[in-house]
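Trainee: I have a new structure to get through. Can we go over it together?
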Amino acid sequence: MNPVNYLYLAALLFTIGASGVLIRRNAIVVFMCIELMLNACNLTLVTFSRMHGNLDGQILAFFTMVVAAAEVVVGLAIIVSLFRSRHSASVDDASLMKL
Amino acid sequence: MENLIALLVAAPLLGAAVLLCGGRRLDRSGHWIGTLLAAASFVIGAVLFTDMLGKGADDRALHQKLFSWIPVEGFQADVAFQLDQLSMTFVLLITGVGTLIHIYSIGYMEHDERRRRFFGFLNLFLAAMLLLVLADNYLLLYAGWEGVGLASYLLIGFWQHKPSAATAAKKAFLVNRVGDIGLSIAIMLMFTTFGTFAFGPVLGATGDASEGKLTAIGLMLLLAACGKSAQVPLQSWLGDAMEGPTPVSALIHAATMVTAGVYLIVRSGVIFNAAPDAQLVVAIVGAVTLLFGAIVGCAKDDIKKALAGSTMSQIGYMVLAAGLGPIGYVFAIMHLVTHGFFKAGLFLGAGSVMHGMNDEVDMRRYGGLRTYMPVTFVTFGLGYLAIIGFPGLSGFFSKDKIIEAAFAKGGTEGWILGSVALLGAAITAFYMTRVMLMTFFGQKRWQPDAEGREPHPHESPKSMTIPMIVLAFGSVFAGGFFSIGDRFLHWLEPVTGHDHGDAPISATTVTAATMVVLVIGVAVAWSVYGRKPVPAVAPRGSLLTRAARRDLLQDDFNHVVLVRGGEHLTRSLVYVDHTLVDGVVNGTAASMGGLSGRLRKLQNGYARTYAVSMFGGTAVLIAATLLMRAV
Amino acid sequence: MSFPLLTATAALPAIGAVVTAAVPAGRRTAAKWTALFFSLGTLVLAGLVFARFEPGGDRYQLTESHAWIKDFGVRYDLGVDGIGVALLGLTALLMPFILLAGWHDADPSPDSRPESGGGDTGGARPYRWRPTQGFFALILMVEAMVILSFEATDVFLFYILFEAMLIPMYFLIGGFGDRAHAGTDDNAAAQRSYAAVKFLLYNLAGGLIMLAAVIGLYVVAGSFSLAEIAEARANGSLEMAGSTEKWLFLGFFFAFAVKAPLWPLHTWLPNAMGEATAPVAVLITAIVDKVGTFAMLRYCLQLFPDASKWATPVIVVLALVSIIYGALLAVGQRDIKRLIAYASISHFGFIVLGIFAMTSQGQSGATLYMVNHGISTAALMLVAGFLITRRGSRLIADYGGVQKVAPVLAGTFLIGGLATLSLPGLAPFVSEFLVLVGAFSAYPAAGIIATVGIVLAALYVLVLYQRTMTGPVKESVRAMPDLRVRELAVVVPLIALLLFLGVFPKPVADVVNPAVQHTMQDVQKKDPQPEVEAAK
């Protein structure tokens, strides 16, 4: 199968993820969308790795996974504590940083 | 001998310092200290004078260099004195009349709690005036010049609690400053032309300079003289200066300071001789002022202001004479000296009248005072006869010479200037007779003053009458004494030079003409003010009278053009500074603030908005990269 | 190695500042005396500098040189020429009087309340609040920096000091305002902080542009040493393209023109002088601003002679505008201190005119003018300060007839005023006349226009005196006490100095003249020769 198709798939996934981040309010869903985007990137990396015939992309994909895992830990903790204090997981409610 | 010159200045300067810094403990003795030091200066002057008389005419000048004042590369100003016949004449006049007026002031200012300070200021004036006439360079002269301006300011405004006095003082200083611009520019011109401004080198090298430069210097010196000597167009301050105590009017605004301009012109005679255009302007200014002052003097009901108009007019005579060149220099100074006597005497007489009349100055409220104040009447009367040029008295000799010299100038100018001088003599006779008649003759027209006190005219104390008597002697005899064998002419000739000119009419004719106009002037005055009672309220008068009462509208002009205009200018500049100059900067700051306020709105705190800008930014970057590649 | 006199002169007030600041909160008087003691010590050292300086000797004397930041060639180079000595002397001389005049300015007022713009914590915690110590320490700090800036012969060192002195000045203006203010109590703090910020922004803007020029100079010349660059400029080993020189000159000049201040960069001065206490106002105009004009003489003319000559016409015009404009605005002021501020702008115009006339008389006159203006403004402003403290108002209209109730105060005020209008016999006359003559011989029209400033000076001084001191006694000033001993101790020496330097300016002129001749050589200018060689 032509590896370029994987790139199309990755682009599609990334777009879905990006739209989700922009459109959805629920922090958990936004979070999942971010994961989707990360995985789209991973797919791209692996695909290119295959296309170019070296392992750099695949190694980088592992790194991404590790970072994503760490991010999930921190991010979920923030979301949980936010939910505890505000009884809502909407990102729009947490807009206190503006002046 | 020359080491004494500095003492002339130092004595009154010491007096000023002691009296002004001494504080209250000198209140009881201050006036004696002041008078004593003025007298000391006179004695030193007399000693130097006798010494000078013992020398030949050409080596009478003394020089004394004290120290280098402003030592800067290419610019050497020394504190150095020069005492020649011209300076000597002034020294004697200043210290002599000055001492008399100190004595007079002891009585006149007796009830003033600030008498000590008054004497301090008088001494300061003497010191500055002596510095002015003794300086051997124009810069030091300038120092004395401004110094007398300061003393005049302090003394005019001596009764500072009166707003009118404070305003008059300020006006006098400011108008004088306008004249001072002339002197400072003249000094700068001398510096660029000759590289120095000491009398000797400048006057010695005049022949090598271009006439344009000399004319400019001459005109600038004239501007200075106009300010100090109250000549048109800078004459407006002198009338107001009468706000000061009367001894001040006598000493500063009649006898000495106001004649400084004449001194300056005569001292710089060489420059004017080489710049005929400037010299002609001097004569014209003198002639115009002569008439101007006389006309103003005719209309004033305030005795001191009438005398001030007269002063202006008489100095006009001197300036006119000085503008005639070598024909007139000597006579300018001679008239200056005799005028010093009789005008000081007249002012002291006026002061004595005011002293007896609860400080009333309106002549329409005098009348018939001759029996109440005999000494004042006689001394004032002698001064009066002297100033109108009654034959045999001082004014006769000096004024007559000026009129002769004006005709001797030759050509149309000579005729015009001579006729003006003659006309001035007629008007002088008119206004002085008017003053005399309104004050000492006719009905009593006294009224209670504002506080309801009835005046009780009485003769003044000895300390006041004695100086008046002495000055009356001078008014009577000085002119004759100077004229016998042309003494004064021979005395001053080595300094100023002299030239007889060619008179188109004989001296006798001029004298006769002078007598005729004199009689006409007196007769007209008598017919108006002597034959019938003087109304206690001034009649409306003709247009000219009304204008003359307002100093021929000079003040109105100044007010409208300079004061109002200046106020508008400063006010609009304050506005401009606040709105425009400051506004540009504040505007920059405000627009920065506004811009950042708008940018701040983008930071709305929604994570999503930030995400959009992130995606958008990335997209733009990628697009840009691709575009770059494509190109 | 000889004793580092110049460093000591600058270090002593700096040490004094630290010591004063460390005095415990409860001992205000001790702090004041400490500060005064250190300022007097500095005066003694400055006297030593004056005595050790030989007018006929080397251009820079008492030099010290140490490497500082080796990588950039920045050195700690000190040395004074005649101009530096004169201004150093002025600074050291005025400082004790400023401290003495401000003796009670920083006392916590009985009804003290938290002040916003001041940076202090207010009356809530009185035990830790030490405004007096701070006030005196800051003034000494300024003195140290100003003195060092007159001594520095390294461009970078000078730049740092030029900027650093803004910091204590900012706090002095913003933190210790005049208790007598024109408006209501509430907007007083706002006014003051506006003035302080305006002062800071103007001067910082100037300073930053100068920084760019300093770096540019280093790139071009490869050194920060004034002597090295000037030397290289003089013997031609350092060529600068015309446009480069002009840009660098403009960068330096802009900063100095802000500080001086020259029209139209002047508007910070009236605000700062109006809102600051009188002694701080004197500090600004008599001392700190002098760094600006001093630097024009030393840096602009020495480093960029050709560009200086290129810019002269414009600068002369700006100076003339300053003279006339400042004087006219002074006439229009209703606030005593702002009036004096505008008068100072007019006087700075004279100084700049003298510097850029590029004649011996003009430059000697300008240097003397800096000294004399410092003393005369100090005399006038400090007496005005005493007057304002008594009545609690800066508005001219609130006074009248003071002469009657406080004759000594009025007399000293008049003398200060007469010095400001350059009356002969008082010091400013000498310098003003020299500047006029210098300007006239180079640019006759400029000299004539500048003389108009003399009349305007008489106008604003006499109007001020007439409105405040003469006329009927106003009810509000009826109980006004005359000058006290402390105040007399401030005013009398200043007046004596004005008289002395007016009659005998030789001691200062002799020190200044050789330095001016060096500067004239730098710009390769000769005095115009008189038309006629008069017999001497």
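Mentor: We will go from chain A to the chain pairs and then to chain C.

Mentor: This is a predicted model, where local features need pLDDT of at least 70, side-chain atom pairs count only at pLDDT 80 or more, and totals for chains, interfaces and linings use all residues. Residues are numbered from 1 along each chain as its sequence is written, chains are lettered from A and ligands numbered from 1 in the order in which they are written, and side-chain values use heavy atoms, with hydrogens and water left out.

Trainee: How many helices and strands are there in chain A?

Mentor: Chain A has three helices and zero strands; both are DSSP runs numbered from the N terminus, helices being H or I with at least four residues and strands E with at least two.

Trainee: Why is chain A said to be more spread out than a compact globule?

Mentor: Because its radius of gyration is 16 Å, well over the 13 Å that the globule rule gives for 99 residues. The radius is taken over C-alpha atoms, and the rule is 2.2 Å times the number of residues to the power 0.38. The C-alpha atoms of chain A fill a box of roughly 50 × 25 × 25 Å along the principal axes.

Trainee: What share of chain A is buried?

Mentor: 28% of its 99 residues. Buried means under 20% relative accessible area, exposed over 50%, and partly exposed in between, with a 1.4 Å probe and protein chains only.

Trainee: Which chains have the most contacts?

Mentor: Of the two pairs of chains that touch, chains B and C have the most contacts, a contact being heavy atoms within 4.5 Å. Chains A and C do not touch, and their nearest C-alpha atoms are 23 Å apart.

Trainee: On to chain C. At what angle do α9(C) and α12(C) pack?

Mentor: About 60°, with the axes of α9 (residues 242-259) and α12 (residues 305-331) 9 Å apart. Axes are lines fitted to C-alpha atoms, for helices over the stretch in contact, and angles run from 0 to 180 degrees between N-to-C directions.

Trainee: Which residues make that contact?

Mentor: Among them are C:Phe249 and C:Phe253 of α9(C), and C:Trp310 and C:Ile315 of α12(C).

Trainee: And C:His518, where does that lie?

Mentor: C:His518 lies in helix α20 (residues 506-522) of chain C. C:His518 is partly exposed, with a relative accessible area of 25%. Its C-alpha atom is separated by 15 Å from that of C:Ser308, 210 residues apart along the chain.
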